[in-house]
Amino acid sequence: MCSNEQMRWSGQELGVEQAGTLPGLAKLNNLVRSVQTPEFAGVTFHEVLAKSALNKVPGQSVVPFGWTINPYRGCSHACVYCIDPETVITMSDGREKPLWAVEVGDVVLGTRVAGRYRRYTPAKVLAKWTNRKPAYRVTLADGTTLVASGDHRFLTERGWKHVTGSMAGHGQRPYLTTGNSLMGFGRSGIARQISVLSEDYARGYLTGMIRGDGLLFTREYTRARGSTYVHRQFRLALADVEGLDRTRVFLERFGIMTNPFQFSVASANRRAMYGIRTAAQAHFGAISSVISWPAERTDKWAAGYLGGIFDAEGSCSRGILRISNEDDAVLTAIERSLDRFGLSFTREAARPNGVTTIRLTGGLPARNTFFALAQPAITRKLAIAGAAIKSTADLRVVSIDALHGDRELMDITTTTGDFIANGVVSHNCFARPTHTYLDLDAGDDFDRQIIVKVNVAEVLRTELVKPAWRHEHVALGTNTDPYQRAEGRYSLMPGIIDALTTSGTPFSILTKGTLLRRDLPQLADAATRVPVDLAMSIAVYDHELQQSVEPGTPSTQARLATVTAVRDAGLDCAVFLMPILPYLTDTRVHLDEALRQAKGAGATSVLYTALHLRPGVKPWFMQWLEREHPELVPKYRSMYYGNNSYAPKEYRRWLGQRMRPLIRAHGLEQGREDPVTGGVRSSAPTTAPPRHASGSLPDVFGRPPDPSALF
């Protein structure tokens, strides 16, 4: 819940007509108050006291359930806080991902205030969504750039500020101006991401790792008859299997196969160490060739070399990065590679044992640049959680420029309320967005006027203990999404789940919202006491089309990841492939890919139907179609003519003929066809596909690691 300092309340008096409320609610005695807050700009929450929670489904309905619960009416999916999908997000382990690759459940780097300082801290991603809107480019003095909507906020030395705003009037709010300094470490000097999959990077990494910590030795032995033979061996032993795994994979790329072994067992003072080795003469020569100093060193080789030598001999404590070695050739190569990328350093005096340390200077900005370029494998050495947000980077705003046209922008919700975007502290929206149908106004009121039944759980408990209640199945999400954006604010679902479970009432949940993950432990417990069915609505598997049809909703990949999370929690999860859009998502390629991804995510059943355009929705859908696909308007008008809401029977029959072979091909059993919509329910195997954690002991001792999981 937002603090009172952040919130504007419209105090409400029961029974009195109130301005600004939804038509029909102005004189309702159950209206508690209407709430507006900057966190949900343009959205009004009308908090009401529900008289009932259970809704009886009309007897003529063909749906397979008799009762529903709708804690919300309307859908708050129109989030305004978004940044460019290519924005680099710092993860909690110190690694980086573009925003588009961050998924719900990931742990990123956020911040918290501890004593006198704001410090970096892990933050879990609760939600993710996409939107299209005007964008601005913010350029900082150190060269860092940020592309964000005008509503997005960044942390400055004077507090949170929006990208754009006004000193007075309707748009009055704190906003960025030139000269403001942002908080963080920036992203200066990182012009590109060097691929760790390139051959030059692999050669550089192996050179740094093996010259830093490997062993290539030759021994001459005398046989009993006086002849001699030469034994050659390569060996590398590390306590961190991530570096060992990457070295092993890179060696295999050059045809060098190694054998894993345990080098030493754990003790009270030391961790266990594992190793790889080979005594094949051909492999020995090949390794020597791979790690020879190249005549010409490319950027990729230099980045790989820094990554390898850091994994072998480097450390990073309290933001200070050091690499130590006694070989002058190794140290000189480190210095030349750092110079190549404009990184400053100091070579310290050699210690009595001959070991010399090269220390990176420039604080967190330089450390961040080093890790972004070198991309070491060992996660343990990268983390900066706990460090204070102090930086020498020049993060003054030098320009704010409006970009032409609307842009696709993304945002995430984290447990700390912020995250690190392109090296600066970025505010996130309060909760995740979603999208669903509503039997209210299908226009602007749909996402701007949200009715919240704040007492729904209490009312439900009262209804469920009545002697007349027969513990019939209750469905949530059939009309409005119970895990829409407002749920992140009001948290009504935990109380509803508890009431249903305690009373012994079976229930199901259909959602597009990844916030479902929050309640998975509670749902898993409920499933041990009552039947619980979960379903994720994933209709479109083309990213661009999905965001056009369902702006602001979690991406297809985020929803598929939620299906996997449900399965990992020990629950079945259906995927609703609905609606299928004629001429847009009914191609064989799209449907085949949809079923492949659904099954790959662990879906236990699939339900599909053709597009259904109820009267309140049809005008809005046709407006979208005229704007995005005008060539299809005549075809849709011929299919959905007059007051007709369903696709023609001939189309549904054709769709079934296309779907059935695909369902069989993906190992899904065809179920009962819905007599009205033509939908078919089919069951997949109930066992989830096996998953593997990279870097675990089975990787070292049992099989070659998965290369894609190492980088």
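Tutor: The discussion below concerns a predicted model, taken one element at a time.

Student: How many residues does α4 have, and what does it span?

Tutor: Helix α4 covers residues 299-313, which is 15 residues. From first C-alpha to last it reaches 21 Å, close to the 21 Å expected at 1.5 Å a residue.

Student: Is α4 mostly covered or mostly open?

Tutor: It is mostly covered, with twelve of the 15 residues of α4 buried. Among them are W301, Y305, L306, I309 and F310.

Student: What covers those buried residues?

Tutor: The cover includes the helices α1 (199-213), α5 (328-340) and α6 (363-374), together with the strands β18 (314-317) and β19 (320-325).

Student: How do α1 and α4 pack?

Tutor: Their axes lie 6 Å apart at an angle of about 30°. An angle under 35 degrees counts as roughly parallel, and α1 and α4 are therefore roughly parallel to each other. The crossing of the two helices is right-handed.

Student: Which residues make that contact?

Tutor: On α1 they include Y201, R203, Y205 and M209, and on α4 they include K300, W301, Y305 and I309. The residues of this contact divide into eight nonpolar, seven polar and six charged.

Student: Changing topic, where does L611 lie?

Tutor: L611 is in the loop between β30 (605-610) and α15 (618-628).

Student: Is L611 buried or exposed?

Tutor: L611 is buried, since its relative accessible area is 2% and buried means under 20%.

Student: Which residues does it touch?

Tutor: Leaving aside residues up to four places away in sequence, L611 touches P579, I580, L581, P582, F621, Y636, Y640, S645 and A647. Of these, Y640 is 29 residues from L611 along the chain, and their C-alpha atoms are separated by 9.7 Å.

Key. Residues numbered from 1 in each chain as written. Predicted model: local features only at pLDDT ≥ 70, side-chain atom pairs only at ≥ 80, totals over all residues. Heavy atoms only, no water. Helix = DSSP H or I, 4+ residues; strand = E, 2+ residues; numbered from the N terminus. Expected span 1.5 Å × (residues − 1). Buried < 20%, exposed > 50% of the residue type's maximum accessible area, 1.4 Å probe, protein only. Contact = heavy atoms within 4.5 Å. Axes fitted to C-alpha atoms, helices over the stretch in contact; angles between N-to-C directions. Parallel < 35°, antiparallel > 145°, perpendicular 65-115°, else oblique. Left-handed = near helix turned anticlockwise from the far one by under 90°. Nonpolar A, V, L, I, M, F, W, Y, C, P; charged D, E, K, R; others polar.
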